[in-house]
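Subject: Structure handover

Hello,

Here is the structure we talked about handing over. My notes on it follow below.

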Amino acid sequence: MLTLESLSIAPSGVYPAFIFGTLIYCFIVFCNMTVLATIALDRKLHKPMFILLFNMPINDLIGATAFFPQLVVSILTQNRSLSYPACYLQALLIHLYGTGSLTILTAMAYDRYIAICCPLKYNAIMCQNNLMKIIVLIWLLVITLVVVLLSLVTRFKMCRTTIVDVFCNNPSLVKLICDDTRINNYYGLFLTAFVQGMSLIVVIFTYIQILLTCVMNKSSDAKSKAIQTCGTHLVVFLFLEFNSCFGLMAHRFENVSPSLRRAFGVSVMVFPPILNPLIYGLKTKEIRQHVMQFYSQKVSSFQ
């Protein structure tokens, strides 16, 4: 059995913390399932942009389900013990979520770049065949990179039992090993640099091109709408990029505050699954209209 980092919750705060965590998880599930159901059931939304977006709530549900149920149960029972297989599974799902978030956002940025900067070529480039190739490539790349990362941990026997984090992840599992883990460290650095560097370069390049195209556009409404949309998406992306990078790299520096490292790590697990369905989903005009129409029909049927 392994022991996760203590949450340091006073006895009087156990039930409020449990209720608060449960409500956040239920809200995440509700919002992401709403986006999933809306895209799946409305044939008008079966377009490249929304099919790519469909992968986002799936990924967010993977991350939230890997993190919240174990967290709220440990709050209620005041027991931070976890078996090694359960910890390994949590680390696997959390790294799939983190890598998947950046990769999916990169693909969505590329889709918007083609739609705005090369509209005449959009249907040819983002045809159904190419779209399926992009989606399959995303998940194959994510699964392969993460499985290799955590497979390197299974080569060793653990000589410690304390996880120095609120949840299980690769850096905290590596710290349980007393043998030479240089290969693990090198591959971890490569994975961080590759995924986050590739995502950052593609997203920054595509958004700069989109903004330049909007500036050249004479329509002030289209310009302001595109700038507002790109700005919001860029803020969410950079939040995820910076916090995840800091949370991972902080494990390599002993002088970084453990509390600060844990705060950044938890923020990556909590905020994106809440914000993504709101910003990328319900804020999108077509999805918002469908959701409002659905609930208005339900309300009228009860009257």
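A residue is called buried under 20% relative accessible area, exposed over 50% and partly exposed in between, with a 1.4 Å probe and protein chains only. By that rule I135 is buried, at 13% relative accessibility. The model is predicted, so local features need pLDDT of at least 70 and side-chain atom pairs count only at pLDDT 80 or more, while totals for chains, interfaces and linings use all residues. Residues are numbered from 1 along each chain as its sequence is written, and side-chain values use heavy atoms, with hydrogens and water left out.

Helices and strands are DSSP runs numbered from the N terminus (helices H or I, at least four residues; strands E, at least two).

I135 and N55

I135 sits in helix α5. Contact here means heavy atoms within 4.5 Å. Once neighbours within four places in sequence are set aside, I135 is in contact with I51, L52 and N55. The C-alpha atoms of I135 and V14 are separated by 42 Å, and these two residues are 121 residues apart along the chain.

N55 belongs to helix α2 and is buried, with a relative accessible area of 9%. With neighbours within four places in sequence again left out, N55 is in contact with I135, and also with I104 and W139.

Disulfides

A disulfide is a covalent bond between the sulfur atoms of two cysteines. In this work the criterion is a pair of cysteine sulfur atoms within 2.5 Å. Searching the whole structure gives two disulfides.

One of them joins C87 to C168, with an S to S distance of 2.0 Å. The angle about its S-S bond is -115 degrees, and the link of C87 and C168 is left-handed. C87 lies in helix α3 (residues 84–117) and C168 in the loop between β3 (162–163) and α6 (170–174), so this pair ties together parts that are 81 residues apart in sequence. Both C87 and C168 are buried.

The other disulfide is formed by C159 and C178, whose sulfur atoms are 1.6 Å apart. The link of C159 and C178 is right-handed, with 85 degrees about the S-S bond. C159 is in the loop between α5 (128–151) and β3, and C178 is in the loop between α6 and α7 (182–216), so the pair ties together parts that are 19 residues apart in sequence. C159 is partly exposed, with a relative accessible area of 40%. C178 is also partly exposed, with a relative accessible area of 48%.

If the bonded cysteines of the protein chain are numbered in sequence order, the pairing reads 1-3, 2-4. C31 is in no disulfide, and the nearest cysteine sulfur, that of C26, is 11 Å away. C31 is buried, with a relative accessible area of 4%. C245 counts as partly exposed, at 28% relative accessibility.

Cavity and pocket

The search uses a 1 Å grid over the protein atoms alone: a cavity is a set of points where a 1.4 Å probe fits but cannot get out, a pocket is an open set with protein on both sides within 12 Å along at least five of seven lines, and lining residues have an atom within 4 Å of a point. Grid points are joined across faces, edges and corners, and a volume is the space filled by probe spheres set on the points.

There is one cavity of 30 Å³ or more. The largest cavity has a volume of about 30 Å³. Its lining consists of N32, V35, L53, M56, P57, D60, N276, P277 and G281. The elements that give two or more residues to this lining are α1 (14–41), α2 (48–77) and α9 (258–282). Of the elements, α2 gives the most to the lining of the largest cavity, with four residues.

The second largest pocket has a volume of about 660 Å³. It is lined by 35 residues, of which H95, P171, T192, S244 and L248 are the closest to its centre. At least two residues of the lining come from each of α3, α6, α7, α8 (220–249) and α9. The most is given by α7, with eight residues.

Regards
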